[in-house]
Structures are given as C-alpha cells and as structure tokens.
Amino acid sequence: MMPGIAAKKRGRLRRQEGLTLVEVLVSLIVLGIITTMIIVAYFALNRSYAYSVASGKAREEARQGLARMVREIRDCETRLDLPEAAIVRARERWILLYTTFNEEGNSDPAMVPGLVMFRLYDNGQIWRFEDIDRNGDIANIDENSYPVSAVHQEAERASGEGGRSLVGHVVNYDGLISPTPVLFRYSYIDDLGQIQMSNEIYYTQNRVRIRSVQIHMLVDLNPKHAPVYADLMSTAQLRNQRSN
Amino acid sequence: MRRLAHQQGSGLILIIGVVAALAILGATLVVFTNNYQHNTYQDRIRAKTFNVAEAAIDAGMGALSAKWPTAAGAGPDVSTAALTAFRSQFTPEENPDPVVSAFVNIEYYDNLTPIDKTITWDKGSSTDPNAPDDRMWLVAQVGMGTKAARIQTLVERTYFESGIPRGVALYTGGNLLSNGGGNNPKIHIEVPPPVGTQTCIKVVGTIDDPTVSGADIVQLTGATAGTVEDVFPAALRAGLTALAKTHGRYFTSVSAAENSPPNGTWSPAGGFSGLCVIEVPNGTSCRLQSVYNSEAEPGILMLLNKNADCVLDFGSGSDYWGVLYTDGWVDKGHGSYEVHGMVVSASTVDIRGTCDVSYNDKVISRLSARWSLNVHLVPNTWRELRPE
C-alpha cells in the first residue's frame, strides 16, 4: 500500500463518529417505553371501544325493551266478554295482560284485545309472548307458574307462542344485589281506598284494583367481565283504569 | 446535513401507522357516542310526543266540556287555527315540528256503530243512531321530528247532580200565608212525581189557610216538615254557588243579574234564566216579572243573604220554570205569577193574591241533567293507535 493512501484511510477512520453503547441502550429503552405506551394505549382504546359498543347496544336494547313493556302495560284493557281483569297474571317475574297495542286496525273499538306476556328467565332474558291466533291462550307457556328447570325454560322460549327475546343480561335475580330488585311491582287500591304496593297479586277481584305497574330492570352492560349495571325503572299507569 | 441524509429506519412510518390507527379508533368512538346521544334524543322525543298527545286529549276534553256538540256544527273548534294556541304552549326548541303532518291534530266524532267520522256531534249511541248518549270518540295525534303518537278514547260528559228531593212543592222555614180571597188552592200538581212518592208541602211554622194546596198534596207542618237541609242542603247551595261563580252566573246585585247576557246552557236567555245565584245586601228585593226558562230547560234561582234579610217578589203575570230558593222570605205577588217546579224559603212564604206554585216533576228531574260539568274518560276505551 502506498504511504499516502494508508495515511488517508487512517485519517478517515479517525473522523468517523457513531453512537456509544450507552447512547444505543438509552435509545432502546426510550423506544421500548414509547412502544409499550403506544401498545398499551392501543389495547386500552380497543377495549374501551369494544365496551362502548357492547354497553351501548345493551343499554339501547334495555331502554327499548322497557319502553315497549311500559307502552303495552299502560294500554292493557279488559275483555268485556270475559270475567277477567285487564292484567290476567300479576307476578314479580312475569305479567300477563290483554292489549291491542300496535295491532293493525285497533282504532276499531270492536277489536278484541289479545294476551301478551312478559317473563324474565334465569338466563337473564326477558321474553315477550303473544296469543297470535287469538284463541285465548298463549300456547306452550305456563301462565300460572314459573318453570323451575333450565330445560323447561328453554322449551318455553323455543316453543312459546309468538315468543321473542326482548332484553338480555337482566341480573335482577342473579343474587349479586341485595335486596333483590323485583322486576314487576303493582300498586293497587285496597279495601280502605288506600294505594298499596305488592310484588304479586292473586285473584281477579284483586287484579281489577291494579292502577299501575312499576318495572325495575337491572341490566349488566359488561357481561362476562366485572359487572357494570344500568339501573332502569319506569312506571306504567293503566290508562284504562282512569276516568279523568 | 450530510449525516442526516444518510439516516435510515422505519420508526416514523411505524409511529404514523399507530397514530392513524388510534385516530380511526378514536373517531369511531366519537361516532358511536354521537349515535347513542342521538338515540337518547330520539327516546326523549318519543316520550315527549306521547306526553303531548295526552295533553292534546286533555285539551280536547276541556274543549268538549266547554261546548258539548249537541247538534251539527255546535261543537268546539279544533281546526288548525284553533290548535295554534295549543302549539304555542310547547317551545319549538324542545318540541320540534314534525317532518310530515301537523304538530297536533284533534278530532271528535260520535260513537255510532259503525263509526262515521263525519258525524261530529252527539247524534246517537252505539246501539241507537238517534238516541244521544253523552258519549263521543276523541282522537289526538301529535308529531315531533320523526316521531308521532296517536291516542283514542271514548269520553262522556257528566252532569251536576242536584239531588233535589222529588215531590216537595214548597218548603218554608216560617209560616205559609195564603188567604187569597178565594183563590185557593194555589199549590197544585202539574206533573206528579214517580209512583210511590207523595207530593207535599213542608211548613215549619203554620199554614194560615189549609185550602192553600190541592187535596192530593200532603201538608207537613212543625217538626214533621224537617229542616231546609232535607230539601235544599247547604252543600247543594255551596255547589251551585261555586258552579255559578265558575260560569259567570254569580251576582252581587239584582240589577246585574237581571241584565246579564245569555250564556249558553247556563243562561239560555240571560237575566234570571238558567242558573242564577244572587248574593245581595240586607233589605234587597228581587222581583220576577218575566217568563224564565221552560219545562225542557228549567233553571235554579237562588237569592242569598246571610241575615235572611231579602225578599223574592213575584211580579206581574208570568212564569218561572225551575226551583226558587231564598234565604229570606217570599213576598205576595204583585200580579199573577206561576212557579212551575218548587219553591224553597228559609223564612216565611206569602203567596196571598194570585200567584201559584205548580209542582212539576219533569222540571225537578231534568235539573239533574241540566248542566254538564266536564267530560271524563270512559274506562276501558283508551288505546294508543298507530299514527296516521
């Protein structure tokens, strides 16, 4: 090698500047922290997004379901051809009533109201059943008692006349809350003319005294995770019991 | 500059990618949040629409209370112009106009079978198209934004229940003076009460001439006559007074009452006709000297004074159809006058001269359905309909 070239090469190597090991390590650590923050933020946002969507849908479904129940219950009316009250069964987990709500042509006073039932099952779903064929009975539904076993409940949901799920993740009876919020409560006029509240009212002569129904739904907006409750409550005044 | 030009790496691209993903997620979240806010808004609008529809039903009931449609065209005005006042009660910011149709629409029609919406007066009933039954269908629809609610109900008008006992031609808390120079009997039965009810006169004091009433009228005197509370109780007087005040038929001077204008069923001809309550100062006299009311539309005239110091005076030959009540006494006529119905005086009744009291049971019974107070919902007829 020529002395001139070797000298040039040595000079260039001396002039090269780079990162020290410490600088590289610091850079890596900073980059690691930033990357971790970004990833954590990303997943947090993703979770938040997923929760917002799911809880929003659940809240919306619960609200719509509650509104539907209120509208049907306040519209219930007595079938004048039967010795029965407008509310045929008044229990804390289910209610059975006569109504023409949302029926085509119900402006005709001669239209006979049909049976509609709302029932809350152990799986947290409120279902709506309807006497579609107007034969005076909701087929495959036990109007008088609550099916104890999960199999029977499933059978009702599968084959109950006009059945459809209205609200899900209702946790009133999950045992997580004490005291248990009752789904349906009934206010009625007692023998002394006073307003009283009861979770269940038996016999026609007592059910004709029902004036309003309170609906209280506790809905889990974050199912399968730490519960986040939406507490919805409304009261349906039976318009057909009013005279003013 | 030279060193920068040689820099290499993908950190910036990575960061831009991550930031873009975060931005998209954030934006989507904002969109969802807005969507739920919109849903909440729609829920509120739906609830408000229903509430306003119920308010419209109440408004319709109020209008029918004030003017029950007894004949074609005789009902209350619920045209668009009339509903503007109703609309003005609800701010457009909180209660927006509907996308289609009107904000509010109220209609009423008779409860005939089948329903004929062109019959907007109480023409008949569901069983007889020509027998009015005081019932009408009332329908209200309200629209807000994209929501609408429609409610239908049957309404029925109620009447002031007088509770006046049948068969009492005259009650006086004092004496009954009647020596009218051969004009007896002056108390007759024009229309008898229902079978089983005896027509009578009740005089707490004495009757100066027993021939004052016809042979078919029983005379009860002294303790057997009872008290004014049995015939025209304080509760009835208070109720009539309150009713008169509500409908502009309460007066504090005789001249104001006599010159009062007609007021629908409350006073078909003005003056002392219909329901008329006059509370007067001591020593006031009120003279009846025209024909007031009719058998079909009887009235009640009350002359009140806390000290019983007032006089109901029968003037020249005319008739009063209905019930006359006074805290004071009834003076002898200044001419022939006939009362078709019933006379009640807390004090003396002097019918010397040529005035007559003819008990008319049609008058008394019709007073029970004479004045409608308001309309109310008929239970079990309320329905929420699909909006049209």
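**View 1. Tyr203(A) lies in the loop between β7 and α4 (204-207) of chain A.** Helices (H or I, at least four residues) and strands (E, at least two) are DSSP runs, numbered from the N terminus. This is a predicted model: local features need pLDDT of at least 70, side-chain atom pairs count only at pLDDT 80 or more, and totals for chains, interfaces and linings use all residues. Residues are numbered from 1 along each chain as its sequence is written, while chains are lettered from A and ligands numbered from 1 in the order in which they are written. Tyr203(A) is not a glycine, yet its phi is positive, about 75°. Most residues other than glycine have a negative phi. Tyr203(A) counts as exposed because it has 9 C-beta neighbours inside 10 Å. The cut-offs, with C-beta atoms placed from the backbone: buried means 20 or more other C-beta atoms within 10 Å of a residue's own, exposed means 12 or fewer, and partly exposed lies in between.

**View 2. Four strands of chain A form an open sheet in the order β7-β6-β8-β9.** The pairing is antiparallel. β7 (195-198) and β9 (229-237) of chain A are at the edges with a single partner strand each, so one side of each has no neighbour in the sheet. From one strand to the next, the twist averages 20°. Two strands pair if DSSP finds at least two bridges between them. Strand β6 (residues 184-189) of chain A and β7(A) are joined in the antiparallel sense by four bridges. Within this sheet, Tyr188(A) faces Gln196(A) of β7(A) as its opposite residue. Helix α2 (residues 21-74) of chain A lies across β8 (210-220) and β9 of chain A. The helix runs at about 15° to β9(A). Axes are lines fitted to C-alpha atoms, for helices over the stretch in contact, and angles run from 0 to 180 degrees between N-to-C directions.

**View 3. Phe101(A) is in the loop between β2 (94-99) and β3 (114-120) of chain A.** Phe101(A) counts as buried because it has 21 C-beta neighbours inside 10 Å. Beyond its neighbours within four places in sequence, Phe101(A) is in contact with Arg71(A), Glu72(A), Asp75(A) and Glu384(B). Contact means that two C-beta atoms, placed from the backbone, lie within 7 Å. Phe101(A) and Glu72(A) are 29 residues apart in sequence. Their C-alpha atoms are 5.9 Å apart in space.

**View 4. Chain B touches chain A with 22 residues, in contact with 27 residues of chain A.** On the chain B side, α2 (11-66), β19 (372-377) and β20 (383-385) each give two or more residues. α2(B) gives the largest share, 11 residues. By class, the side of chain B that touches chain A has 11 nonpolar, seven polar and four charged residues. Ala, Val, Leu, Ile, Met, Phe, Trp, Tyr, Cys and Pro count as nonpolar, Asp, Glu, Lys and Arg as charged, and the others, Gly among them, as polar. For the complex, the predictor gives an ipTM of 0.78 and a pTM of 0.73. Chain B has a mean pLDDT of 89, and 97% of its residues reach 70 or more. pLDDT is the predictor's confidence in each residue, from 0 to 100.

**View 5. α2(B) has 56 residues and reaches 81 Å from its first C-alpha to its last.** That span is close to the 82 Å expected at 1.5 Å a residue. The expected span is 1.5 Å times one less than the number of residues. The buried residues of α2(B) include Thr49(B), Phe50(B), Val52(B), Met61(B) and Leu64(B). Among the elements that cover the buried residues are α3 (80-87), β1 (104-110), β2 (135-144), β3 (147-159) and β19 of chain B.

**View 6. Strand β12 (residues 299-304) of chain B is largely enclosed by the rest of the structure, because five of its six residues are buried.** Strand β10 (residues 275-279) of chain B runs parallel to β12(B), joined by five bridges. In this pair, Ile278(B) stands opposite Leu303(B). β12(B) also pairs with strand β14 (residues 318-326) of chain B, in the parallel sense, over five bridges. Here Gly299(B) stands opposite Gly322(B).

**View 7. The loop between β1 and β2 of chain B holds Pro114(B) and Asp134(B).** Thr113(B) and Pro114(B) are joined by a cis peptide bond, with omega about -5°. Most peptide bonds are trans. Asp134(B) has a positive phi near 65° and is a residue other than glycine. Asp134(B) is partly exposed, with 17 other C-beta atoms within 10 Å.
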